[in-house]
Structure formats: C-alpha cells, structure tokens
Amino acid sequence: MNKKEDVGRILKVAGPLVIADGMGTSRMYDVVKVSDKRLVGEVIELEGQRASIQVYEDTGGIGPGEPVYPTHEPLSVELGPGIIEGIYDGIQRPLSDIASETGAFIARGVEISALPRDRKWVFEPQVKKGDKVSAGDILGTVAETILIEHRIMVPPGLAGEIAEIKKGSFTVEDTVAVLKTEDGKKVEITMMQRWPVRKPRPYSSKYAPVEILSTGQRVIDTFFPLGKGGTACVPGPFGSGKTVIQHQLAKWADAEIVVYVGCGERGNEMTDVLIEFPELRDPKSGEPLMKRTVLIANTSNMPVAAREASVYTGITIAEYFRDMGYSVALMADSTSRWAEAMREISGRLEEMPGEEGYPAYLGARIAEFYERAGLVECLGSDERKGALSVIGAVSPPGGDLSDPVVQATLRVVKVFWSLEATLAYARHFPAISWLRSYSLYADSVAESVRLTLGTKFLEDSKEAMRLLQEEDELKEIVRLIGLDALSPKDRLIMEAARSIREDFLHQNAFHEIDTYASPDKQAKMLSAVLKYYRESRKALDSGANLEDLIDLDVKEKIARTRYIPEKERDSIPKIEDQITSEVSSFKKEVS
Ligand code: ADP
C-alpha cells in the first residue's frame, strides 16, 4: 500500500492519456496504478509534480480527482519457466485461459501473474557448491516443453560463489541457488527474473551476422537472405501476403524460439492469430509450434497504448532466450499499428508533430527497437552465442512505400522484402518483388552458404538474378515493339526468366511439399532451371531453332521439381542429364 502522501490525483483524462498531479516521487517510465480500479499505466512525461501517464486499459468512467498509485518500478516482464507456450497481452498478462472462455477479453485492473506461481518445474543443477559464477552463467536447466530446455542463468549484475544449489521440483518463486557475493552477502536466486522492457538486456559483445537464417522460402533464401541475428522489413499493402509470410517464417525458419507480436489491424484479427497459431505444427518435430513459441497479442479491448508496450514486451522475452544461447526469431505484425499508437499518444501530449503527424522521435524509436536484434556472445563464461533476428511487417496505407514508418524502418533494417499488389493479383506468391527487394547480408552470409551449398549455387543465384533483370529490360522493348522484335537469344532469356519465376520463385505456402524447400533442394532446383538456359544457349549458337528448344519435353519436369519430396531431391540432377540429351538432339552440326 502507498503512503497517503505518495498518492497522486488525476487532473485530466484524454483517452489513453491521464494527466496527474502529486507525482513527484515517480520517475519516467515508472508503472502507476490509475484510480481504485488500478488500471496499469506508465509515466511517459514528467514535469515537477505533474505526470503524463499512458494507460494500457480502457479509461472510460475514470475522471479528475481519482487517485494514482505509484509503484516506483519500471514496466517489466517476468522471465522464467512457463513463458513458452504463453499467450500474453501487451503488458504480459496471460490470455490463454481467458481467451478460450471469453474471446480474448480481460476485465480492467485485473492483476494476473505472467508466470504460473503454483506450477513446479524439475530443476537440474549444472553447478556445484563452491563454483565461482558470474552473470549469464547457467546454474541449471528445466525441460520446459518437449522442444525447449530452459536455461536458468545468473541474473545480470550478479557474481559470486555458489553457497547452495538445489535439485528437484520448484516453483518460479522458490530459491534454487544461494550465491555468496564478493562482499560476503548471500543472494537467493529463483528461476524467475524481472526485466524492464525498455532497457535492452546486456550481452558480452555483438557481431555482424555470418550465418544464413534459412527459411525454406526460395525467393528469400536464394536472393534476399536474412542473417541469424539480422533485421528485415516486409512492407506490403493489404492482402499481399504479409501474414502468410510471417507464419511461414515462424514455421520454417531455422530458429529455435519464435516470439510473435501481433498488433491487429482490426478488432477480430488478433483473435484469428490466437486461434490459428495454436493450431500450427512444428514441421521438424510434429509437435505444436507453440511448444517453442511465445505469442503477444493485443486484444481488442485494450487501447492503442498497449501496442506500444507489446513490441517491447516481445523483444525483451526474445532477448532472454537469446541470452540462453538460442537462435530466436521475433516477428512483429504490424509495426505500423505500433507507430500509430505513438502518433496518437504524441498528439494527446500536444508534441510538435513530424511527418504525417508522427512524432519527431518515430525514427529513433524504430531504430532502437531493431538495434536490439543481433548475433551476440552472451554473458557468462562458456562463450555461447545467441542470435535474435527481427522481422517487422509494415502496412503502409495503400501500400505506399514513401510512408514515414516504412522509410524510418528501411533506414535501419538490412533486408527488405517488398510485397507487391501486382504480383498478388497475378497470384504469384510469395508476392516478393525480385526487382525491388534487397538483402545487405548477401555478402556476409555468402561464406556460410558456400560451405554448405558450394560456389556453384552462389554463381547460379547471381546468374538467375541477372536473367530476371534482363527480362525486365526486354519486357519494355516487347511492350513497345512486340515479341517478334527480339532476337532468339533475347527470347531465350525471356523464357529462362519465366521459368525462374514460375518454376522456382513461385511457392505455394499451402501445398504440403512446396511449402518448404531445404537449401539443398533450392540449389538443385535452380541448377536445373539454369541448365536448361545454358544448354539451350549453346544450342542456339550452334544453329538450333528457338521454337524447338522452347518446346522441350523435359520442361514439364523442370516445372514439377517443386513437388518432389525432400527425401527424393537427389533425383533432380537426373533431370539435368535429360536436358543435355534433349537439347543435343536439336543442335545442328556447324560445318
Ligand atoms: P496481408 O497480411 O498482407 O493482408 P495475407 O497474408 O493474409 O495478406 O495474404 C492474403 C492471401 O494471399 C492469403 O489468404 C492467401 O490466399 C494468399 N497468399 C499469400 N501468400 C501466399 C503464399 N505464399 N502461397 C499461397 N497463397 C498465398
């Protein structure tokens, strides 16, 4: 309970913003409880005794004169066993139980612990009495789900000697270890940590991504790869496939942990995620995907301000698993909703608006968020590495890429997957433009790709992109003067590019086999497509007819390689032999 003098008074309520007086004991970003309904709010501006408070719950019916109770703590998340499979709202209140009964609705002012307090976890110690440990060292492990081992670490800022270590079943509040610090103090350690969401969690050092985060999506892995620990942005108009891409990444990216932050466009959209996600299966293990997933969803009854908190809640949870040494992928869908929340709050604070009414600090906030991604050496003495990759969807109005949120995001992320309405209308999925997208990791991950797939794949991928670019230029000529104006060589380029687009880049997320292609299968498929081009090109030079080459029987087989199951992928190179023999039958002897 707060002392009488430590209670503020509401002066004004403006939607999600509450202005209160008598708040001198609070600091910026402290959590406060607003009115006797104890709505959760956060101090976002402080001038003397007067605080502006962003409230994460509906402020209807709250008015001037009502009390505001400081907590003197920043907005924090609980980190420990029980978090995986969690479905939370923007301020980490569990939705799972509530969602099934009432459709993702939480009564106002409800205080529920993020981690279950009564559940016991089997703690397996990894250190013994007398061991010297420091922040980040792993004290023991908990088999949290069938897929994830939860590593209990010494919290940041602590170091010392193990005075006591336990083994057995414990709740997250039970002491599992006692640490004797250098100044002789004894510190009890539980399996739960709290961490303020706006503060990045510490690590030893950060590196540039060197390894590809393979996604099984051909256009991404082959042309616009994401590095483990990298950042990507997927802007696209409504209906262009942002959500499908995010789901595909959640399922297939070779990350061990997935954190999905959903800021729904419309009220019921998040409910869709809440229903769909728990039904997804992890393709590698056959277990529910939730066994390695944490879901943050903004419910329809929470005001926009909660979206603001949800991206921070999500990334803090993701950093925590990165600290254990995992490769984590965080997806935020869509960051435009987060930016709109910033705009609304900024407007109510009467700040000077920047572009399109967004606050001037929009770019800085977006940059700070993506900077929390990275490949890091974790705290702790075992030199483990963890990676946090962040993929943000942006939904600019009308798909307009000059939108301030898109622009601010593109300034910081290194990968841009541009979804295009024209491709989606033509049912070319994923509707990622091969001409406009880019990846700045292509060079830094090339070595890791070369080690697994060989130099040929890198060369093939460059040549395929060159053909697509040439097709684009040729299309212009065709549009002006017709296909007949092209030389046979140019028409062959058009044909090869068509094959790259339709037989390789097009990928149906809903087809059992086509939905995922391993890096090796991608390399083999691309090699077959290019073999056709290279052989035909040689045949043209030796006088073959273009029409004959376009009508080869083997082309049907090239078009169907995507439906070849992974375990039969070694049959793809045989198609190349058939290409050679069919093409050679059309070669004319040059005398
Ligand atoms: P957005 O989130 O951008 O509004 P969605 O992700 O919901 O768009 O995609 C819209 C529709 O496009 C989907 O319902 C689906 O029919 C189709 N689609 C998108 N991506 C693919 C894909 N990779 N394979 C097949 N169909 C897709």
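## Helices α11 and α12

Helix α11 passes α12 in a left-handed crossing. This is a predicted model. The two axes come within 8 Å and cross at roughly 120°. That angle makes α11 oblique to α12. Helix α11 covers residues 455-481, and helix α12 covers residues 488-505.

On the α11 side, the contact uses Ala464, Leu467, Leu468, Glu470, Glu471, Leu474, Lys475 and Val478. They meet Asp490, Ile493, Met494, Ala496, Ala497, Arg498, Ile500, Arg501 and Leu505 of α12. By type, the residues of this contact divide into 11 nonpolar and 6 charged, with no polar ones. Among the charged residues are Glu470 and Glu471 in α11, and Arg498 and Arg501 in α12.

## Helices α5 and α6

Two packed helices are described by the angle between their axes and the distance between the axes. Helix α5 spans residues 305-323 and helix α6 spans residues 335-348. Their axes come within 8 Å, with a crossing angle of roughly 130°. An angle over 145 would count as roughly antiparallel, so α5 is oblique to α6. The crossing of α5 past α6 is left-handed.

Helix α5 contributes Ala305, Arg307, Glu308, Val311 and Tyr312 to the contact. Helix α6 contributes Arg337, Trp338, Glu340, Ala341, Met342 and Ile345. The residues of this contact comprise 7 nonpolar and 4 charged, and no polar ones.

## Aromatic pairs

The whole structure holds 7 aromatic pairs. One of them joins Tyr312 and Trp338. Their ring centres are 6.1 Å apart and their planes stand at 90°, so the pair is edge-to-face. This pair links distant parts of the chain, with Tyr312 in α5 and Trp338 in α6, 26 residues apart. Both residues also take part in the contact of α5 with α6. Tyr312 is buried, at a relative accessible area of 5%. Trp338 is buried too, at 1%. Tyr312 and Trp338 belong to one aromatic cluster with Phe369 and Tyr370.

Another pair is formed by Phe416 and Tyr438. Here the centres lie 5.4 Å apart and the planes meet at 50°, so the pair is tilted. This pair also links distant parts of the chain. Phe416 sits in strand β25 (residues 415-416), and Tyr438 sits in strand β26 (residues 438-439), 22 residues apart. Phe416 is buried, with a relative accessible area of 5%. Tyr438 is partly exposed, with a relative accessible area of 30%.

## Two loop serines

Ser214 lies in the loop between β18 (205-207) and α2 (218-223). Its relative accessible area is 12%, so Ser214 is buried. Leaving aside neighbours within four places in sequence, Ser214 is in contact with Asp221, Trp252, Ala253, Asp254 and Pro519.

Ser542 is in the loop between α13 (519-541) and α14 (546-550). Its relative accessible area is 16%. Buried means under 20%, so Ser542 counts as buried. Ser542 and Phe224 are 318 residues apart in sequence. In space, they are 36 Å apart, C-alpha to C-alpha.

Terms used: Residues are numbered from 1 along each chain as its sequence is written. This is a predicted model: local features need pLDDT of at least 70, side-chain atom pairs count only at pLDDT 80 or more; totals for chains, interfaces and linings use all residues. Side-chain values use heavy atoms; hydrogens and water are left out. Axes are lines fitted to C-alpha atoms, for helices over the stretch in contact, and angles run from 0 to 180 degrees between N-to-C directions. Helices (H or I, at least four residues) and strands (E, at least two) are DSSP runs, numbered from the N terminus. Angles under 35 degrees count as roughly parallel, over 145 as roughly antiparallel, 65 to 115 as roughly perpendicular and the rest as oblique. A crossing is left-handed if the near helix is turned anticlockwise from the far one by less than a right angle, and right-handed if clockwise. Contact means heavy atoms within 4.5 Å. Rings of Phe, Tyr and Trp (its six-membered ring) pair if their centres lie within 6.5 Å; planes under 30 degrees apart count as stacked, over 60 as edge-to-face and the rest as tilted. Buried means under 20% relative accessible area, exposed over 50%, partly exposed in between (1.4 Å probe, protein chains only).
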